[in-house]
Amino acid sequence: MKIAVIGANGQLGNDVVTAFRANGDEVSPLSHADIELCDLASVTAALSKIGPNVIVNTAAMHHVENCETDPAKAFAINGIGSRNLAIAAKDSDATLMHVSTDYVFDGNKNNPYIEEDAPRPLNVYGITKLAGEHFVTATAPKHFVIRTSGLYGKNPCRAKGGLNFIELMLKLAKERGKVRVVDSEIVSPTSTVELAEQIVRLSRSDAYGLYHATAEGSCSWHAFAREIFAATETPVQLEIAGPNEFPAKVARPKYSVLENHALKRHGLNVFKPWQDALREYLGTRVKSSSSLASA
């Protein structure tokens with residue numbers, strides 16, 4: 001199939017391109033230089049040149065603090081940009097696969113959210129991403145809305161200073177020898193490689209709709225850090241940060257674990273426990289370092 005990947009140079013987009021190419025598909029990677037999501041004419045022109053069967057939208061304004069200070073820009077990208085892709089998908093009879101977020105929930109449920117749970121976002125980022133979901137579901141007949149959580153991958157995430165949580169923990173451990181991490185926020189750390197594989201799997205289905213797509217299981221950020229250090233045998237003093245030690249500038253859900261209910265119902269779930277995916281990531285990281293050292 002012909003696949004257009006929006007946000008192809010991002011942390012997730014890079015692995016989505018790789019996964020579809022490994023599947024034998026013809027992939028057109030699109031970055032901001034190739035397509036302006038906020039401009040319907042730009043979206044239509046870029047996609048009409050490709051004629052894709054599937055459009056995968058991994059692009060978003062996802063720096064939470066920046067969304068809060070510039071809600072108009074956040075809505076333009078996360079809301080109107082999604083609408084423009086949905087219009088283009090509908091007009092060309094393409095399938096739109098739209099990546100969304102756990103931040104559409106407020107975190108008060110305290111057990112895993114399923115697709116039928118009512119969203120209640122706490123911040124501008126979550127609100128604008130939820131708006132994007134509504135635009136997609138209301139406009140594109142052939143759509144997948146895919147909510148995920150706690151992403152990490154080998155490609156740098158510019159909104160997070162180029163370091164994912166794993167790399168940040170290993171950097172701090174090396175530099176300081178002591179790391180303090182909160183244990184009050186619960187997530188499902190999810191590998192971009194696994195999510196990309198899930199997107200490819202879904203693209204072969206006609207079971208359109210809303211899906212939660214995260215690694216199996218959950219943990220606090222502190223427990224995630226502990227597993228990272230244990231798996232890498234990193235000598236470090238890991239401590240639990242106090243509740244107000246790293247005050248958030250923007251309200252975030254304390255519990256944002258998603259259950260892959262719809263994926264399992266359709267027999268499409270590809271995710272492993274988060275600990276297994278972490279070790280696969282670390283194994284790939286070691287192989288990359290070895291290759292560079294021997295080059």
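**Exercise 1.** Determine which residues Asp102 is in contact with, leaving aside its neighbours within four places in sequence, and decide whether Asp102 is buried or exposed.

*Solution.* Step 1: contact means heavy atoms within 4.5 Å. Under this criterion Asp102 is in contact with Thr148, Ser149, Ser256 and Leu258. Step 2: the residue is placed in the loop between E4 and helix H5 (124–139); helices (H or I, at least four residues) and strands (E, at least two) are DSSP runs, numbered from the N terminus. Step 3: the relative accessible area of Asp102 is 5%, so Asp102 is buried (buried is under 20%, exposed over 50%, partly exposed in between, with a 1.4 Å probe and protein chains only).

The model is predicted: local features need pLDDT of at least 70 and side-chain atom pairs pLDDT 80 or more, whereas totals for chains, interfaces and linings use all residues. Residues are numbered from 1 along each chain as its sequence is written, and side-chain values use heavy atoms, with hydrogens and water left out.

**Exercise 2.** Describe how helix H2 (residues 40–50) packs against helix H4 (residues 71–92).

*Solution.* Step 1: two packed helices are described by the angle between their axes and the distance between the axes. Step 2: the axes of H2 and H4 come within 9 Å and cross at roughly 40°; axes are lines fitted to C-alpha atoms, for helices over the stretch in contact, with angles from 0 to 180 degrees between N-to-C directions. Step 3: H2 and H4 are therefore oblique to each other (under 35 degrees is roughly parallel, over 145 roughly antiparallel, 65 to 115 roughly perpendicular, and the rest oblique). Step 4: on the H2 side, Leu40, Val43 and Leu47 meet Asn84, Leu85, Ile87 and Ala88 of H4.

**Exercise 3.** For Asp93 and Glu233, state the phi value and the exposure class.

*Solution.* Step 1: Asp93, in the loop between H4 and E4, has a positive phi of about 60° although it is not a glycine. Step 2: Asp93 has 55% relative accessibility and therefore counts as exposed. Step 3: Glu233 lies in the loop between helix H8 (221–232) and strand E12 (237–240), and its phi is positive, near 50°, in a residue other than glycine. Step 4: the relative accessible area of Glu233 is 70%, so Glu233 is exposed.
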